[in-house]
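Reader: I'm new to reading structures, could we go through this one together?
Author: Gladly, let us bring it up and start from there.

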Amino acid sequence: MVIQVNVDFLAKDAAKAAKRGDLIIVIDALRCSSTIVTALANGAKAIIPVKTVHEARRIHAKNPSYILAGERGGLKPRGFNLGNSPLEYTSEKISGKTIILTTTSGTLALTYSREASWVLIGAFLNAKAIAEKASLIANAEDINISIVQAGTNGRFSLEDFICAGAIINELPECNIKLSDAAQASLLAFKHAKDDLLAYVIRSDHSRRLIELGFIKDIEFSCKKDLFSVVPVYRGGVITKIK
Ligand code: MLT
């Protein structure tokens with residue numbers, strides 16, 4: 001069989017990909033998916049992604065031992081334990097813990113993909129591991145792959161486009177058919193791959209994060225294949241595939 005690989009540009013496109021029955025890979029390289037990958041790599045037990053700050057606070061009120069985490073406008077909301085910087089998610093702080101996470105676009109894309117039978121979470125940090133697992137599952141279940149970029153406040157984002165190409169670059173070439181958007185993201189990655197940071201740093205969202213003092217998050221998030229964890233979102237909870 002041939003696996004069709006699509007790239008979609010906005011969080012809400014996840015709902016259409018779910019309807020098509022595709023395996024979805026959600027990407028928000030800056031910074032939500034990098035934070036999720038890092039948290040699981042450093043021993044977090046589970047992550048509950050939610051759409052609103054209000055919902056996050058409500059779940060936390062019922063489960064005070066959970067860590068309340070996320071951002072709005074890039075910054076940690078009042079009373080939250082952690083923000084959305086992957087560098088905050090050290091094993092000392094999060095090992096064995098369940099984290100409630102709400103971010104502007106990343107957790108929104110996840111909630112839009114809720115109905116899909118497979119939702120994986122990808123970043124530069126785990127591009128190779130995600131591509132390998134997605135390919136195995138898609139082949140075994142005879143389904144297509146949609147890589148959904150979370151975008152930035154409802155707009156296209158350059159870093160997610162390059163990251164989609166990084167994942168596609170690791171897919172076995174023999175039985176895949178790339179959509180035009182998938183081919184374009186692969187071209188972008190091939191152009192940028194020798195200095196990812198230099199290209200990612202030009203994006204709108206990078207500029208905003210630099211203004212807020214988060215340049216180290218961008219540098220960290222550009223480390224390709226630092227981790228081999230594969231986060232899966234199922235039943236409202238993200239855990240790592242064993
Ligand atoms: C988001 O989900 O919109 C991003 O992760 C925002 C951020 O960089 O904090």
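Reader: What kinds of residues make up the shell around the ligand, nonpolar, polar or charged?
Author: In this predicted model, the shell around the ligand divides into three nonpolar residues, six polar ones and three charged ones.

Reader: And which residues are they, by name, that surround the ligand?
Author: The ligand is surrounded by D28, L30, R31, C32, E71 and N84, together with T103, T104, S105, G106, H205 and L209.

Reader: Okay, which side chains have an N or O atom 2.8 Å from an oxygen atom of the ligand?
Author: One of them is N84, whose side chain has an N or O atom 2.8 Å from a ligand oxygen, and H205 likewise has a side-chain N or O atom 2.8 Å from an oxygen of the ligand.

Reader: What about R31, how far is its side chain from a ligand oxygen?
Author: For R31, an N or O atom of the side chain is 2.7 Å from an oxygen atom of the ligand.

Reader: How much of the ligand's area does the protein bury?
Author: The ligand taken alone exposes 270 Å², and the protein buries 96% of that.

Reader: Which pocket does the ligand take up?
Author: The space that the ligand takes is the largest pocket.

Reader: Switching topic, how many disulfides are there?
Author: A search through the whole structure finds zero disulfides.

Reader: What about C222, how far is its sulfur from the closest cysteine sulfur?
Author: The sulfur of C222 is 9.1 Å from the closest cysteine sulfur, that of C163, so this pair is also too far for a bond; C222 itself is buried, with a relative accessible area of 10%.

Conventions. Residues numbered from 1 in each chain as written. Predicted model: local features only at pLDDT ≥ 70, side-chain atom pairs only at ≥ 80, totals over all residues. Heavy atoms only, no water. Near = heavy atom within 4 Å. Polar contact = N/O pair within 3.5 Å; in protein donor to acceptor, adjacent residues only side chain to side chain. Areas by Shrake-Rupley, 256 points an atom, 1.4 Å probe, with all protein chains shown as cover. 1 Å grid on protein atoms, 1.4 Å probe; cavity = no way out; pocket = protein on both sides within 12 Å on 5 of 7 lines; lining within 4 Å. Sits in = over half its atoms within 2 Å of the grid points. Nonpolar A, V, L, I, M, F, W, Y, C, P; charged D, E, K, R; others polar. Disulfide = S-S within 2.5 Å. Buried < 20%, exposed > 50% of the residue type's maximum accessible area, 1.4 Å probe, protein only.
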